[in-house]
Amino acid sequence: MGRLRRLVESVVSIGIGNVVAVLRYTRERKRLERRYPPPTPFPWLWPRPEVGATVVGAADGATAIARATGASGGVAAGPGGFRFAETWADPGQVAEVVATPRGARVRFAVAEADAGQPGADADEPGAETGEPAAGATRDCGPATLDLSFLAPDLIEVTWRAPLAGLPLPERDWPEVDVEFIPAPPGEGWILRTAALEVHLAPDARLSFFEPGGRLLREEWPPLFAGENVCHRVRLAGCERFHGLGERASPVDLRGGTYRMWNRDPGGAYGPGADPVYLSIPIYLSRTMAEAGHEGSKASEAGQRGVDAAGESRNPSPGYLVFYANSHPASFDLGKADPSVAEHRFAGGGLRYYFIPGPAAQVLERYADLTGKPPLPPLWAFGYHQCRWSYYPEARVRKLAADFAHHDIPVDAIHLDIHYMDGYRVFTVDKTRFPDLAGLAKDLAAQGIRLVTICDPGVKRDPGYFLYREGLEEEAFCTLPDGEVVIAPVWPGPCAFPDFSHPAVREWWGGQYGRLLGAGVAGFWQDMNEPATFVAAGEPTLPLAARHALGDHRAVHNLYGLFMNQAAYEGLRRLDPERRPFIVSRSGWAGLQRYAWTWTADVRSDWACLRQTIATIIGLGLSGIPFSGSDVGGFNGEATPELYIRWLQASAFMPFFRSHTMIGTPDQAPWSYGEPYTTIARDFIRLRYSLLPYIYTLAWEAAEKGWPMVRPLFWSEADAPTRESPDDDTFLLGDSLLVAPVTEEGATSREVPVPAGLWYDFWTDRPLRGPARVRLDAPLGRIPVLVRAGAVLPREEPASSTGARGTERLSLHLYPPEVGASGAGHLYTDRGDGYGPCRLDRFVVTRRQGEVELRWVESERGFPWPYRRTEVTLHGVRDARGSRAVEPSSVWVGAVEDL
Ligand code: MIG
């Protein structure tokens with residue numbers, strides 16, 4: 001997009017009055033950054049000329065880093081091509097290791113100024129240049145290292161205390177059996193549990209092993225420069241990385257640099273943008289079987305997958321690492337040097353958690369650490385309709401009527417910023433919506449809920465109650481001189497609540513009552529990176545802004561998380577009988593405790609449709625199970641075909657909402673006429689028919705922290721062989737494989753079929769993997785496969801979840817191979833609130849000539865909700881067709897192979 005057009009667009013959308021405020025704030029922010037520089041500068045975070053220009057010279061410590069990481073030529077160039085002014089130092093030699101109940105405490109000698117080079121040993125790339133790391137001072141003080149097992153498969157490693165008050169749930173961890181094995185002098189120390197072995201070398205390198213001896217990860221001792229921390233890890237040639245929160249990147253993050261700094265990319269973004277709204281310093285590592293990696297250098301590949309005796313070449317099952325650090329950071333995952341991952345943090349200490357194991361296992365443990373997602377209300381899994389913005393009231397009523405007219409199911413309509421009075425959060429424009437409560441009530445009668453947008457910026461307006469209250473409560477972020485920080489957003493100059501303070505959260509959380517009282521059912525939290533308008537520089541608060549927990553540098557990445565905590569806890573207090581529904585643009589580790597997210601302002605193009613699939617998979621691998629993207633894309637105009645393809649993919653995503661930017665044509669299911677309306681209706685109805693399955697997956701997410709949308713490697717965890725994940729294909733739970741069409745004009749697509757037997761959802765044709773098959777994908781269909789052994793519960797689609805049919809449940813049986821069995825769950829409850837629930841379990845067994853279904857009841861607090869339950873057999877010839885069964889029955893049907 002042309003610069004000028006962008007400029008004009010932004011002037012129009014923010015209003016001419018705001019332009020002056022924006023220019024003023026841009027200048028003011030620059031001044032504040034100069035006036036209150038961070039204690040240690042971190043120019044490497046933003047590799048952009050205006051920032052880099054202020055960096056002077058190259059220091060020797062940087063040379064040490066370049067050398068240690070094998071950067072070519074030993075010059076002080078960092079991942080962004082910048083020179084570092086910092087002098088980095090490592091902790092030095094281990095002086096003493098003392099066993100503690102959960103592990104060990106390590107002390108280091110207070111080292112000489114010129115002692116040793118960080119992590120440079122003889123076989124180190126770059127070590128042969130022999131340059132000393134002159135000037136490396138131990139300004140990190142006498143370091144200690146704490147190794148503490150919270151569980152046999154979860155170790156907390158603390159090199160330097162993290163930010164006090166980091167929002168992680170409190171938890172009492174049961175005792176862990178830890179064996180402390182001092183090695184022969186000069187060889188280091190070993191800590192061992194049933195699930196993990198950690199080796200500490202005398203020079204403070206840490207290595208993590210499976211108890212069997214396979215190496216999982218090898219770290220250099222960290223480097224410190226003032227408050228900055230640099231942590232490096234040696235990579236295996238066949239290692240893959242996933243996670244880091246929301247990334248406009250492939251599912252495999254290897255080879256890129258990613259920044260931890262929640263940022264509004266400014267109304268439009270696409271593949272490669274980094275960072276975007278929601279970053280989480282967590283990643284999963286998987287090491288591939290070597291077979292698929294002829295290209296990788298043997299020496300590199302050999303680092304991993306070789307057991308202590310150097311015999312086995314099994315790939316490791318992988319691990320998860322979570323850095324408990326909210327400060328700005330940059331994660332280079334093998335970009336500057338393919339064999340090194342380098343993590344730099346601008347302050348915030350160095351504490352991280354290491355969990356060995358395959359994806360399902362490590363994410364479950366990670367959820368123990370950062371919290372499990374609560375079960376959302378059922379209606380949240382219905383279809384949502386949105387645009388920027390539907391108003392006035394009559395238009396919203398018309399919208400609801402259109403759904404009825406077109407016979408398309410819908411559960412929620414979202415109101416974007418125009419419902420507010422002059423963009424004042426928690427107010428309603430009385431002209432546009434004279435009776436919001438009346439509207440909400442009438443919509444509710446049609447099964448439709450209202451969701452309203454909420455922005456954190458509070459308009460600086462002495463006549464506005466919230467601004468006055470905020471001042472009285474001293475709820476707003478201030479500068480070091482005590483002045484309230486003011487920055488422009490939609491309402492013009494705004495103050496920003498400090499959600500890191502519990503009293504502020506309580507005050508803010510109570511405000512949702514104003515909208516709840518009017519019948520609003522859910523909340524859409526936008527702009528909470530926090531985003532502000534700027535003409536240049538970072539579109540957020542100045543780094544010097546103060547919060548209860550620290551400066552903005554420390555709290556920025558937590559801002560959205562804390563805002564959602566305020567909302568969630570407020571809603572629980574205000575309406576204890578209903579489950580909150582919150583969808584938030586920004587967040588951090590643990591967001592899943594409070595809110596969903598969506599990929600926000602992607603462009604309406606094919607590349608972005610494809611990108612959002614990988615982004616959503618990555619969010620799931622970062623502990624955020626509930627997300628989705630704007631159907632049709634946000635910025636720009638979707639073609640009818642793009643809209644339909646986007647809708648088809650999203651019908652299988654947790655958050656299923658159409659949305660579009662101000663000034664674009666509507667993106668509603670009927671906006672494009674026939675045949676598009678019919679296809680959209682069919683897919684939305686298909687979604688509603690799958691709600692029993694989808695809701696059961698949501699329950700599973702709540703129990704285990706597992707994503708609903710999973711990468712294809714999810715079920716291959718024992719023997720990962722997939723070279724690189726398929727970025728445009730995903731599993732919805734265990735039973736469904738979804739292969740959206742992301743190519744314009746395509747009428748078929750190649751589908752990766754994972755190992756085992758699968759069925760084509762549309763034709764019941766059996767497919768055997770591993771294979772890649774080309775399947776039909778005319779406009780009205782995207783390839784979907786069902787795993788053999790699945791029991792897919794489906795119901796009659798209704799006009800909304802409120803009107804759901806309890807008339808009939810169909811258990812769709814997809815027989816396993818002869819001699820094998822499969823299983824499925826069904827979770828049911830009232831769909832909202834905290835009342836009784838029920839879990840039914842099904843086991844399918846296939847023998848020669850028959851398929852057996854056993855209905856194993858597990859919990860029974862909630863009565864079986866369906867009047868009639870029937871079984872439909874797929875993929876075999878069954879003389880008797882569908883038939884009714886009763887809860888807890890055993891049914892055996894004679895079948896013939898197709
Ligand atoms: O500065 O509220 O991502 O979904 O429609 C843009 C207007 C503010 C950004 C959100 C988008 C929303 C828009 N918001």
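Strands are DSSP runs of E of at least two residues, numbered from the N terminus. In this predicted model, R868 lies in one such run, strand β44, which covers residues 868–873. With a relative accessible area of 40%, R868 is partly exposed. Beyond its neighbours within four places in sequence, R868 is in contact with E807, R808, L809 and A884. R868 and T806 are 62 residues apart along the chain, yet their C-alpha atoms are separated by 8.1 Å.

The chain as a whole contains 16 helices and 48 strands. It has 898 residues, and 64% of them count as buried. Contacts between residues at least 6 apart in sequence were also examined. Of these, 71% join residues at least 24 apart.

The largest nonpolar core has 202 residues. Within this core, F322, L436, W508, F652 and L732 touch the most other members. Helix α16, residues 691–704, contributes the largest share of the core, with nine residues. Leaving out residues up to four places away, F322 touches L168, P281, I282, R351, Y352, Y353, Y366, L369, T370, W588 and A589.

A nonpolar patch is also found on the surface. L4, V8 and V12 form this patch, with about 320 Å² of accessible area together. V12 belongs to helix α1, residues 3–14. The relative accessible area of V12 is 65%, over the 50% cut-off, so V12 counts as exposed.

Side chains of opposite charge can pair when their charged atoms come close. The whole structure holds 55 salt bridges. One of them joins R105 and D146, with the closest N and O atoms 2.7 Å apart. This pair links distant parts of the chain. R105 sits in strand β2 (residues 103–108) and D146 in strand β3 (residues 144–151), 41 residues apart. R105 has a relative accessible area of 30% and is partly exposed.

A salt bridge also forms between the side chains of D442 and R397, at 2.8 Å from N to O. D442 lies in helix α8 (residues 436–445) and R397 in helix α7 (residues 393–405), so the bridge ties together parts 45 residues apart in sequence. Both partners are partly exposed: D442 has a relative accessible area of 35%, and R397 is at 31% relative accessibility.

The salt bridge between D601 and R585 has its closest N and O atoms 3.8 Å apart. D601 is in the loop between β29 (596–598) and α13 (606–620), and R585 is in the loop between β28 (582–584) and β29, so this pair ties together parts 16 residues apart in sequence. D601 and R585 are both buried. Elsewhere, salt bridges with shared partners join D153, R171, R365, D368 and K372 into one network.

The loop between β13 (257–260) and β14 (279–287) contains N262. N262 is at 1% relative accessibility, under the 20% cut-off, and therefore counts as buried. Its side chain reaches the backbone oxygen of G587 at 3.1 Å. Not counting residues up to four places away in sequence, N262 touches V276, Y277, L278, S279, E529, H556, N557, S586 and G587. P275 lies in the loop between β13 and β14 as well. The peptide bond from D274 to P275 is cis, with omega near -5°.

A cis peptide bond also runs from G769 to P770, with omega near 5°. P770 is placed in strand β37, residues 766–776.

L244 is not a glycine, but its phi is about 65°. L244 lies in strand β12, residues 239–245, and is buried at 0% relative accessibility. F426, also a residue other than glycine, has a positive phi near 65°. F426 is found in the loop between β20 (412–415) and α8. At 4% relative accessibility, F426 is buried.

How values were computed:
Residues are numbered from 1 along each chain as its sequence is written. This is a predicted model: local features need pLDDT of at least 70, side-chain atom pairs count only at pLDDT 80 or more; totals for chains, interfaces and linings use all residues. Side-chain values use heavy atoms; hydrogens and water are left out. Helices (H or I, at least four residues) and strands (E, at least two) are DSSP runs, numbered from the N terminus. Buried means under 20% relative accessible area, exposed over 50%, partly exposed in between (1.4 Å probe, protein chains only). A polar contact is a pair of N or O atoms within 3.5 Å; within protein, one must be able to donate a hydrogen and the other to accept it, and residues adjacent in sequence count only if both atoms are side-chain atoms. Contact means heavy atoms within 4.5 Å. A nonpolar core is a set of buried Ala, Val, Leu, Ile, Met, Phe, Trp, Tyr and Cys residues joined through side-chain atoms within 4.5 Å. Patches are made of residues with over 30% relative accessible area and no salt bridge: like charges are joined within 9 Å, nonpolar side chains (Val, Leu, Ile, Met, Phe, Trp, Tyr) within 5 Å. Accessible areas come from the Shrake-Rupley method with a 1.4 Å probe; for residues, only the protein chains shown count as cover. A salt bridge is a side-chain nitrogen of Lys or Arg within 4 Å of a carboxyl oxygen of Asp or Glu.
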